[in-house]
Amino acid sequence: MTVYLLRRLIQAAGVVLAMSLLVFLGVYAIGDPVEILISPDADQIERERAIRSLGLDLPLWEQYLVFLGKALQGDLGRSFVFNEPALRLILDRMPATLELAVGATVAAIIIGLPLGLYAGLRPDSAVSKAIMAGSILGFSLPTFWVGLMLIMVFAVQLGWLPSTGRGETVEVLGVRWSFLTWNGLSHMILPAINLSLFKISLVIRLTRAGVREAMLMDYVKFARAKGLSPNRVVFVHVFKNILIPVVTVVGLEFGGTIAFSVVTESIFAWPGMGKLIIDSINVLDRPVMVAYLMVIVLMFVVINLVVDITYTVLDPRVRLEGKA
Amino acid sequence: MAGTAHAAAGALLSALVLAPGGARAQQAALTMAVGAPVTSLDPHYHQLSPNNAAASMIFDRLVNTDHQSRMVPGLATEWRVVEPTVWEFKLRPGVRFHNGQEFTADDVAFTIARVPNVPNSPSSFAIYTRPIREVQVVDPLTIRFRTEMPYPLMPMDMSNLFILDRQTHEGAATEDFNGGRAAVGTGPFRVVSHRNGDRIEFERNDAYWGDRPAFARVNYRMITNDAARTAALLAGDVEFIDQVPTSDLAKLRGDQRVALSEATGMRIIFLGLDHMRTDASPFVTDNNGQPLPRNPLKDVRVRRALSLAIDRHAIVDRVMEGAATPSGQYLPAGIYSHVPGLEAPRADPDAARRLLAEAGYPQGFRIQLNGPNDRYINDSRIIQAVGQMWTRIGVRTAVEAQPWPTFIGRAGRQEFSAFLVGWGSNPEGSHPLRNLSATWDRERGWGASNRGRYSNPELDRMIEQALSELDDAKREKILQDAQRLAMEDVAIIPLHIQTNIWAMRRNLAHTARADELTRAQDVRPAAAATSR
């Protein structure tokens, strides 16, 4: 287990390094942050001062080495825009994104699994067909459009829920959470639904496919022949076996939601990391972009690790040392 | 002011009348949403409109500007030239910072010293303090600035600098401001809390020396997505928004719950041309796609033809949904040094074709017009429209729109032949002239945004003359002549000046500002007569 963890960490470090290099080169190729950040009033002397002050006068390789040196000491640089440590900016906004992502993922599991199970066990019923048709909508409607429609219907027309923002928050252990107040929770509902529609559909489809396949397997037939109750057959034998693909996909989706819920966060003015990264890309705020992607890589490594460990719990045949 | 008193009386009346009906009637709090995020509360960190808007709620300047960008007394009550190279500012007595510290001339001296020394600033305010050679505190309420040369722009420069307190802000870093701790000024609002990129909460400074704001508490939110901002207004989550997208204008005008406020802005949208190359220009070819040996854009007849080909009124009506004013010069009417009688050219394709033929291009040529697609209102649609109008006179135009970060870098390296950009002006003709059309000169700091590298020694001479003329009336005359010259020579092709638009719930009224700043002190409850 330790060797396995160590190996994973080394892999992660390699990916982070490659990522930082790519971002550096990419941002360099796109354009000059100073051209975007500088006031149009600035004259040539002020422009040169700004370039020096942001360390952009050095050759690219030297900028990169300076960055690496500082990163090894835990300093990922300061945002050009906010003049604050990039890492702190990101961590400040992480709770907002995390609670949204958790809300969406939990909704996906709570709604998706039962519906998928039902559709898998009774594939020919009208309800199942309706569920499957609905899931196609969940897949294919663009998040952007659905988000705006949710706002139009539930906030503007019906006035049931607030349209945007995060609402009241409660500070717990120095971190602000909004799911602890009714006001905060009501602000969360629409964006969480918007994020979870796709995931619900995904879970429904995976579960249904898994169930339909498992129901034909010998062990299910055997369990039935043994005279086990249908409930026990479904919820113990079938359920456990279909969970592995579901856990894998939900895990990856969870990571994706944290990292790239840019569209939903922009539409709902949700002050999370997705909004930060898109704003930073627009003004070529390189320190934030690099730090963000590094945080994301680490997060995916951790999520994949958790997924792998979950496998061993679900399926005793899986051994961590054997893979990797 | 009488207007404010009226509004306040009206609000009181409507509150009395509506009192049984709703809690909204006598509201003490205002929730507003802006489209561009405030990135820092340090007023000297980043010269950026959204930051300046927030700063002008918290801090004051020596010289404030009114809604039409005219200079009015701020922390200075009067200013004058005592010697050609010395400006004197008399300061307002009895002003206190939010924490009770007294405002004196020493604080001004401290501010001038701090401005060029803000670490990591991506765009500092040092351009406004650089002309000052020496600061002299004459007495606690009098300060003098000595300059190398006579410098007429001193009051305007001072209208860009927010004043800090030496006792409070000595050693304060940008982060201290962002955390709210150092965000202490003399302005009409004090900061209660600040969440970067999300919202700022303000409360009224009841000890403010100027007009008392109408609202005791203000929630200043940032909603960058246009559709979401409009939806938040319609849903009633916010009561006031800025940067209303032109595509929503028709709908909002017809909505009984919403009122709009508009002001002609100071931002001109124009086309820059390649004046630098005499030989082949990168995106100009003959009709067979072969490079032309000479750059046709160097010929003033060609430039005039290109300007005459454009139907500015059509662009304003159809692309901008009316939210702009066609322009034939740098500044809008009503602003100091605007040139009276210099109208936006009327579209005349026939005259344009004749000019092209005269210049030796009876069959026209091909050109590519570049522009951003995410920077100015409807930018990519404007260049498409211009492209069609140019093609109509025989200049076959390809259009390419790019995201701003990519576009602006290339424009700054003179990679384009023709390109669309915008310019937000100060209310003084020398500002656009010196930055956009003066010869590029690093030493003098001229032509920094002259991306087409236009150069006209006669124009430079006039700008220089204006910049040393301390008499406002004489300077205005010189600046008007200079602008006339630049426009006759088609240094740039002006298209239109944007209209700034805000939208609010019907129960509010707003004084629209030419300078695009969105501030809570400009919002008040609507008078009873106009509220529904």
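B:Thr142 lies in strand E7 of chain B, which covers residues 142-147. The model that contains this residue is predicted, and it scores ipTM 0.80 and pTM 0.84.

**B:Thr142 and its surroundings**

- B:Thr142 counts as buried because its relative accessibility is 3%, and the cut-off for buried is under 20%.
- The side chain of B:Thr142 makes a polar contact of 3.0 Å with the side chain of B:Asp139.
- Setting aside neighbours within four places in sequence, B:Thr142 is in contact with B:Glu88, B:Phe89, B:Lys90 and B:Leu91, and also with B:Ala105, B:Gln136 and B:Val137.

**Confidence in chain B**

- The average pLDDT of chain B is 90, and 94% of the residues score at least 70.
- Residues 1-25 of chain B stay under 50 in pLDDT.
- For residues 1-25, the model has 14 contacts beyond four places in sequence.

**Helix H8 of chain B**

- Helix H8 of chain B spans residues 226-235 and is mostly covered, with 7 of its 10 residues buried.
- Those buried residues are B:Ala228, B:Arg229, B:Thr230, B:Ala231, B:Ala232, B:Leu233 and B:Leu234.

**B:Arg257**

- B:Arg257 sits in the loop between helix H9 (246-253) and strand E12 (258-273) of chain B.
- B:Arg257 is classed as partly exposed because its relative accessible area is 36%, which falls between the cut-offs of 20% and 50%.
- Not counting residues up to four places away in sequence, B:Arg257 touches B:Leu234, B:Met504, B:Arg505 and B:Arg506.
- One of these, B:Leu234, is also among the buried residues of H8(B).
- B:Arg257 and B:Glu148 are 109 residues apart along the chain, and their C-alpha atoms are separated by 56 Å.

**Strand E15 of chain B and its partners**

- Strand E15 of chain B runs over residues 365-372 and is mostly covered: 7 of its 8 residues are buried.
- Strand E13 of chain B (residues 284-285) pairs with E15(B) in the antiparallel sense over 2 bridges.
- In that pairing, B:Thr285 has B:Arg366 as its bridge partner in E15(B).
- Strand E16 of chain B (residues 395-402) pairs with E15(B) in the parallel sense over 8 bridges.
- Here the bridge partner of B:Phe365 is B:Val395 in E16(B).
- Helix H13 of chain B (residues 379-392) forms a right-handed β-α-β unit together with E15(B) and E16(B).
- Strand E17 of chain B (residues 418-424) also pairs with E15(B) in the parallel sense, over 2 bridges.
- B:Leu369 stands opposite B:Ala418 in E17(B).
- In a regular strand, the side chains alternate between the two faces of the sheet.

**Helix H15 of chain B**

- Helix H15 of chain B (residues 430-437) has 7 of its 8 residues buried, so the rest of the structure largely encloses this helix.
- The buried residues of H15(B) are B:Ser430, B:His431, B:Pro432, B:Leu433, B:Asn435, B:Leu436 and B:Ser437.
- These buried residues pack against E12, E17, helix H16 (457-467) and helix H17 (472-488) of chain B.

**Chain A**

- Chain A has 13 helices and 2 strands.
- Of its 324 residues, 49% count as buried.
- The C-alpha atoms of chain A fill a box of roughly 85 × 55 × 40 Å along the principal axes.
- Among contacts in chain A with a separation of 6 or more, 71% are between residues 24 or more positions apart.

**Where the two chains meet**

- In the interface, 54 residues of chain B are in contact with 51 residues of chain A.
- The size of an interface is often given as the accessible area lost when the parts come together.
- Between chain B and chain A, the buried area is about 4300 Å², and carbon and sulfur atoms give 47% of it.
- B:Glu175, B:Pro405 and B:Arg442 supply 13% of the area that chain B buries against chain A, more than any other three residues.

Methods. Residues are numbered from 1 along each chain as its sequence is written. Chains are lettered from A and ligands numbered from 1 in the order in which they are written. This is a predicted model: local features need pLDDT of at least 70, side-chain atom pairs count only at pLDDT 80 or more; totals for chains, interfaces and linings use all residues. Side-chain values use heavy atoms; hydrogens and water are left out. Buried means under 20% relative accessible area, exposed over 50%, partly exposed in between (1.4 Å probe, protein chains only). Helices (H or I, at least four residues) and strands (E, at least two) are DSSP runs, numbered from the N terminus. pLDDT is the predictor's confidence in each residue, from 0 to 100. Contact means heavy atoms within 4.5 Å. Two strands pair if DSSP finds at least two bridges between them. A crossover is right-handed if, with the strands pointing away from the viewer, the path from the first strand over the helix to the second runs clockwise. Buried area is the accessible area (1.4 Å probe) that two parts lose on being put together, summed over both. A polar contact is a pair of N or O atoms within 3.5 Å; within protein, one must be able to donate a hydrogen and the other to accept it, and residues adjacent in sequence count only if both atoms are side-chain atoms.
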